[in-house]
Amino acid sequence: MRNKGAIWTLAIALLLVCIYQLSFTVVTFKVRQDAKKYALRITKNSEGRLDSLGLKLRDRYLDSIASEEVYNFLWLKKYTYRECQEREINLGLDLRGGMNVILEVSTVDVIKSLANYSPDTSFNKAIALARQWQKSSNEDFVTLFGRAFASINPNAKLGAIFTAPELRNVITYNTSNDEVLKILSERANDAIDNSFNIIRTRIDHFGVAQPNVQRVEGGDRILVELPGVEEKDRVRKLLQGTARLEFWETYENADILKSLIEANNLIKEIQKTEKTEAQLAKQTEVKEGQQADEKTGKKEDQELTLLEEIQADTAAARDTLTKESLSEEMPLFAVLKPNITQNWEPLGGSLFGRVHYKDTALVNKYLRMAMTKGLFPSDFKYLWSAKPMTDPDTKKPTDYYELHAIKITRRDGRPPLTGDVITQANMQFDQTSGSAEVTMTMDATGTTTWARLTRENKGKCIAIVMDDYVYSSPRVINEIPTGTSSITGDFTTKEATDLANLLKSGTMPAPAVIVQEEVIGPSLGKQSINSGLRAFLYAFIIIWVYMIFYYSRKAGLVVNLALFFNIFFLIGVLASLQLALTLPGIAGIVLTIGMAVDANVLIYERIREEISAGKGVRMAIADGFKNALSAIIDGNVTTLLTGIILFVLGTGPVKGFATTLVIGICTSMFTAIFITRLVFEMMLDRNVALTFSTKATDGILKNANFNFLKYRKVFYTISASLVLIGVVSLFVRGLDAGVDFAGGRNYVIKFDKAVNNIEISKALAPLLKSQPTVITFGSADKIRITTKYKIDSDEPNIENEIQSLLYQGLRSFLPEGTSYKQFSSNYLQSMQKIGPTIADDIKRQSSWAMLVALAMMFFYIFIRFRNWRYGLGATVATFHDAFFIITLFSLLYGIMPFSMEIDQAFIAAILTVIGYSVNDTVVIYDRIREFFTLHPKRDKAEMMNAAINSTLSRTLNTSLTTLFTILVLFLVAGESIRGFAFAMFVGVTVGTYSSIFIATPIVYDTFTKEQKQAVKL
């Protein structure tokens, strides 16, 4: 084996990297266990389960040590708990519960606003036509609008329509339509970027651990994932709320310092009084005796007391000694760092304090208390900074937020200037210093007000505020009478660009609307984790035992060792790339377990052939690896291509499945080709006796001699008949389109006992204005309700309305006295919404994915085998497999005791089967090519039959191992995976059949009679 040293180096390096990445998961798990033990100890709970109080204590404990160092990696680098969290394996929402939302920013509203809501007939017709085209196109709205406008009025000038104030210096009447469309595209993109930044900032202030906010590539949609969130209504309002850009006058820090000192003294006196009263109350309580534990309200009092007792623990992440020394004499300044020098001299600006993010609630309480007592000016209010402070040395965000002193100058409490007066804002570089700055221009009304503001506040700061958070507070140097201003500061290019987009947002109404939503309860997430882990464990054990049974103990253990490293590397790569592990992702891992042994099976079968030919074990192993390499590469590349298509065109759970599938294919090839070879080399060097079969399996299919091609027309007839039945079924019954394709809402509800689906559907029909679809979802006490009630509605409270209707209709099936709140938190386990636009996109992307997959398979086979016949045979076989699965779902939906909906998971199964089927076909084609090369003069039917027979053992083992793992998924992994597993099970079975009885016979039938006798390839 060449380059053995390099391979060892690479394997060890990959192993160490994976250990390093996974070590963070181990550390965070240990910290969480410590938090749980702490909560159990405080609550004196001997059952080992956390109640509501225990959960609060656990979360408070974890919050308190977020900035503490908990991991010292080889004494080289120390990591805080928060840093370890950022590097641990990230679980998807379906595994830990939470809320997944896709928002769509209305590009249409941006275009209308830039046209000053023009009444022009051609313009409005083009808008309507572009919206219609958008339902069946992947192109952006601006491009569609331009095409629609040109088709309606080819000679019209867009420059005459787009006359908004912010475009006056950019677009004129003579500006070409192409140039106008380019500018519109830039402005629309800026509006989406700004919406993204605003939403991200809102989420940062919402207080969710490890949120994920990202813009969907190439579109006008924003993905938001919020783990563990419970306030669903608040999130919906937060995400869809209209942004408010405002300019406020400010107080100087020096004007506020005296009030801060008085506030501190007030709080100190209040705390002393409360302490004295508490001591007196305690003495009175002791004298009167303790009340019985079961007295009403006792648990709430105990909960409050315990939370107060651990107050010191919640501050552990900061300098505890310093805080304790300050807490009595300077309670406010113990949590608020004033903006002063060491000599208590105030620094300039509106910034008057810095607060650790954990203490913001306490500071709010203290400041409100002081303002109520009149210690601050009557026109004073404070606002927090939008983002945490940046460390001047490292340029990284800290844990501290700024407090700014705002001056209210109007009687109605409104700001003196709002963002709708801004006509232009851009990032540019200062010609002298080269630093980034922001320039902004205002309309006539804004220019007048801005001139007065800058004149009256010369030398002071004006705060730029969005959603009541301060984004910037620049100091006024001189009066600005022209309405054109420059905002300078220590900006990075990104910060300056973000601020410019923020300023422009005042004239760009681009509301974000929720078009897809999924809410998963924590109990369902825990069930998904348990079922996923069980499926993984069972599949691993089954494959482990089977490989030892079929290939002998030693050879089987080598495969299993490679399989172990394959899974270890796969999970390590997921952790290092910070990719979320989802339930479909676990399904991908389980499927990888079955498919990963395919390469080893190919190698082992080749080794067995070489041994049967009389070669020694060492030579047989070397030749086995060599001769199996081309089939391994071809087979895995085809599956890899389908995985990439899934990743590129899929969303959500499909992307999670594709991620693990692609990584699993790469790691399985590495472990099968290199790790197993290294282990065999070590064993041979130590003279270990190796065998590659057992007594029970030694003769299986060894001398198989079936004439498959002789009966090809019989199998053609069988397949054609099944396809015909499928076509009839598709026309008569159609398919059961899930909400992914039809749009609608899914609700998973778990009751205390088994329920009747028909009765529930009848009870809900009058409320939801139509008969909802109700199916059993796993056990008999769990159902899934599907409805399209008001799916097109954008009303802000529509989700509450529907859930309230569900509660009304299901009250008779719930325990007596169940409140709406209890129903929402205890019985409603998950909710999913797919809007019509998302559904259209999913259908379009799914169709493209299948067509692209089939085309790629054809061209890859054509290129690799340099003959169109092989590409045709493989394409027909894979189309046959995909169509068979589709028709089977058409025939059986409503009959099988589980969901057979056509959704994204179903498409993922189809594409995976396409890859698997081609993989199976390629192995046979590879052997045919080999035999044709070795025996060019022999009869082609004889050679093809021999090729199929010689690969039967490999086909049997690969199919069985894959089917075993899929069967485990079907039985164990949960209801949401069951339809996918069924499609995969059928697909693998049919794919094996088509590789033998469809793909190869088609290649044979495309030869002429003369070519069948002797063909050189």
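**Start at Ser-552**

Select Ser-552. This residue is buried, at a relative accessible area of 6%. Buried means under 20% relative accessible area, exposed means over 50%, and partly exposed is in between (1.4 Å probe, protein chains only). Ser-552 sits in the loop between α17 (522-551) and α18 (553-576). Helices here are DSSP runs of H or I with at least four residues, strands are runs of E with at least two, and both are numbered from the N terminus. Now check the backbone: phi of Ser-552 is near 90 degrees, a positive value in a residue other than glycine. Most residues other than glycine have a negative phi.

Before you move on, two notes. This is a predicted model, where local features need pLDDT of at least 70 and side-chain atom pairs count only at pLDDT 80 or more, while totals for chains, interfaces and linings use all residues. Residues are numbered from 1 along each chain as its sequence is written, and side-chain values use heavy atoms, with hydrogens and water left out.

**Next: Asn-116**

Jump to Asn-116. Its phi is also positive, about 55 degrees, and it is not a glycine. Look for Asn-116 in the loop between α5 (107-114) and α6 (121-134).

**Zoom out**

Show the whole chain. It has 33 helices and 23 strands. The C-alpha atoms fill a box of roughly 100 × 85 × 65 Å along the principal axes. Of the 1017 residues, 51% count as buried.

Contact means heavy atoms within 4.5 Å. Among contacts with a separation of 6 or more, 74% join residues 24 or more positions apart.

**Into the core**

Select Tyr-604, Phe-680, Ile-861, Phe-906, Leu-911 and Tyr-925. These have the most contacts inside the largest nonpolar core, which has 136 residues. Helix α29 (residues 904-934) gives this core its largest share, 17 residues. A nonpolar core is a set of buried Ala, Val, Leu, Ile, Met, Phe, Trp, Tyr and Cys residues joined through side-chain atoms within 4.5 Å. In soluble globular proteins, nonpolar side chains tend to be buried together.

Stay on Tyr-925. What is Tyr-925 in contact with, leaving aside neighbours within four places in sequence? The partners include Ile-861, Phe-865, Tyr-870, Ala-999 and Val-1003.

Then pick Ile-203, Val-213, Val-519 and Leu-828. They belong to a second, separate core of 41 residues.

Go to Glu-609 in helix α19 (residues 583-612). Glu-609 is partly exposed, at a relative accessible area of 27%. Beyond residues up to four places away in sequence, Glu-609 touches Arg-927 and Ser-950. Draw a distance to Gly-624, 15 residues apart along the chain: the C-alpha atoms are separated by 8.2 Å.

Finish at Tyr-820, in helix α26 (residues 820-827). Tyr-820 counts as partly exposed, at 30% relative accessibility. Leaving aside neighbours within four places in sequence, Tyr-820 is in contact with Asn-800, Gln-803, Ser-804 and Tyr-807. The C-alpha atoms of Tyr-820 and Gln-803 are separated by 8.9 Å, with the two residues 17 apart along the chain.
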